[in-house]
Structure formats: structure tokens, C-alpha cells
Amino acid sequence: MKVIVNVSLKEGVLDPEGQAIKSSLNNLGFEHCSDVRTGKQIILNLDQKSETEVIKQAKKMCEELLVNTVIQNYEINILKD
Amino acid sequence: MIVAIRKITGKTPIKIWHKEYDIPNLDLIVIPGGFTFGDYLRCGALAARSPVITSIKNHISRGGTVLGVCNGFQILIEAKILPGSLIRNKKLLFTCRETTLEVQSCIENPFLSGLKIGECLKIPVAHNEGNYFAPEDLLKQLKEEGRIALKYIKQKDNEKNYNPNGSTEDIAGILSKNGKVLGMMPHPERAMNYLHGGTDGLKFLTNCVEQIIG
């Protein structure tokens with residue numbers, strides 16, 4: 001089963017990369033773009049059948065390694081074929 | 001770092017591979033800089049889950065002393081040995097240059113005890129993710145517990161870029177609760193002789209060794 005983990009920065013945490021992208025977008029004429037936040041997507045392939053078990057495992061992976069919970073939030077979604 | 005420690009102590013430090021579990025009783029463990037695992041996922045994140053970290057945590061719980069420099073600091077943070085986070089430099093630039101550090105008034109520790117509060121040290125940084133970030137409640141706690149050890153400081157009143165990475169309150173290094181673990185972004189081992197541009201790193205490391213070993 002494929003699982004998508006989206007990792008994003010928490011509100012209030014400085015995102016200099018997002019700021020740089022925003023400034024470039026504004027320069028290209030997208031003046032209405034008032035904020036950009038960047039993140040990371042991690043796609044996992046888990047050899048398990050139960051959706052609950054997959055979510056449980058992915059959550060554990062996030063807490064133990066994939067996410068720095070001091071500055072990041074995460075969202076787990078199962079990728080349906 | 002090995003060359004620096006050898007220069008000060010006259011002895012060659014033991015190198016420990018990251019997959020080792022069994023480490024002897026040591027006076028000081030130094031986790032040096034060096035972009036472990038190519039900074040994949042987050043700086044220090046993968047190294048912080050290496051087997052040796054368990055042994056380092058045991059060493060700390062026995063009251064052992066640990067110094068983490070640059071990537072070593074990032075690893076200590078990722079291993080949750082030190083709190084907070086080190087994020088991208090504010091200006092998105094890899095910064096490699098000399099900085100001026102000020103010794104802060106902090107809890108008793110073996111790294112700064114021989115130095116004066118307010119003393120300045122010129123030590124270079126070389127990093128991309130050294131912007132120390134702490135949520136407000138943690139920052140308050142660090143101040144109350146006297147755990148902010150080193151800050152970047154202005155040399156002149158109008159100096160703008162004295163903080164190389166935009167860290168919260170110009171923090172360059174923090175201590176553990178018991179003062180036995182110090183994480184710092186600047187590289188003392190890169191200010192060991194006049195060819196490096198200064199010897200304040202030598203002064204800092206010599207002081208550490210004297211305080212720890214006597």
C-alpha cells in the first residue's frame with residue numbers, strides 16, 4: 001500500500017525558501033501571492049493490507065524519524081490506485 | 001578536530017564509528033561537523049538514529065561530557081539530547097566566515113568555566129542550517145535555566161551581519177540541563193593558529209580540556 005506523507009513547517013517558523021519563492025513570484029507579476037510555504041513529500045510503500053495498521057505504522061515513522069515535530073506538521077494519506 | 005585535540009592534549013583521541021555500540025568510559029566525546037548522510041531528510045536526522053547515539057546517551061546519563069560542533073550540534077538536536085531546532089540560514093546562503101562570540105552568564109559547565117562572562121571569541125562558522133529556533137516557552141526555559149552559552153555579538157554598533165544565520169536572539173550555542181553537553185555552530189578547531197586567522201578556538205578547546213581533565 002502506498003502512503004503519502006506531507007511534511008510542512010509549523011506556523012510561526014521562518015521559511016526563508018518560501019520567502020525567496022514568493023519574492024520571485026511577485027517579480028514575475030503574481031502580485032497577489034502574499035505568502036509561500038514550502039514542505040516535503042515522502043512516499044512510502046508498506047507491505048501491509050490493513051489501512052488502520054498502515055496509518056499507525058506511518059504515524060510512528062513520522063514521530064520517530066520523518067518529521068521534526070518542534071518545527072514541522074505532517075499529514076498522512078493513503079494513495080488509492 | 002582530531003588534530004586540534006591532539007595538539008592540546010598530546011594524545012590522539014579514539015575515533016568511534018557510528019555503528020559501534022560498545023564505547024569505553026571517556027573524558028569527553030566530541031561530535032564534529034561534517035554533513036553526515038549528505039544532510040538527507042534533515043541535517044543530522046539520520047545520524048541521530050545511528051547505533052552509537054544510544055551509547056552517547058548512556059555516557060550522558062552517567063554524567064559524561066559531550067561537545068557537538070556544527071553538524072555535531074545538529075545531531076544532538078535531532079537526537080533530542082538538546083532542545084529546539086536548527087533551520088535554514090535566514091538569507092538562504094551557506095555561510096563560511098569568522099564570527100564573534102560572547103560568553104554568556106550561564107550554569108556551571110566544563111566548556112566555559114575558565115573563561116570570563118562577556119569575553120569575546122573569534123571563531124568561524126561554516127553551515128547552511130545553523131539558524132537556532134526555539135518556540136517561546138522553550139526560549140524562556142533556556143534563559144531561566146541559564147542554558148544559553150554563546151551568542152553572536154556585534155563588533156561595532158552599526159554592524160548588521162554579525163549573526164551569520166538569523167538565529168533567535170543571536171544564539172550560537174546551548175547547554176544541556178546539567179551543563180555537561182554543549183552544542184555550538186561555530187568551529188573552534190578552525191581557529192587554532194595564526195594561519196587560520198586566529199587562535200581563539202585553541203583557547204576555547206584548551207580551556208575545555210583543562211576543565212574536564214585538569
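Me: How many helices and strands does chain B have?
Reply: Chain B has five helices and nine strands. Helices (H or I, at least four residues) and strands (E, at least two) are DSSP runs, numbered from the N terminus. The model is predicted, so local features need pLDDT of at least 70 and side-chain atom pairs count only at pLDDT 80 or more, while totals for chains, interfaces and linings use all residues. Residues are numbered from 1 along each chain as its sequence is written, and chains are lettered from A and ligands numbered from 1 in the order in which they are written.

Me: What is the order of the strands in the open sheet of chain B?
Reply: Strands of a sheet pair through backbone hydrogen bonds, either parallel or antiparallel. Here two strands pair if DSSP finds at least two bridges between them. The seven strands run β1-β2-β9-β8-β7-β4-β5 in chain B, with mixed pairing. β1 (28-31) and β5 (120-127) of chain B are at the edges with a single partner strand each, so one side of each has no neighbour in the sheet.

Me: In which sense do β4 and β7 of chain B pair?
Reply: Strand β4 (residues 95-103) and strand β7 (residues 148-152) of chain B are antiparallel, over three bridges. B:Leu101 stands opposite B:Tyr152 in β7(B).

Me: How many residues does each chain bring to the contact?
Reply: Two residues are in contact if their C-beta atoms, placed from the backbone, lie within 7 Å. Chain A gives nine residues and chain B 11 residues. On the chain A side, helix α1 (residues 16-27) supplies the largest share, three residues.
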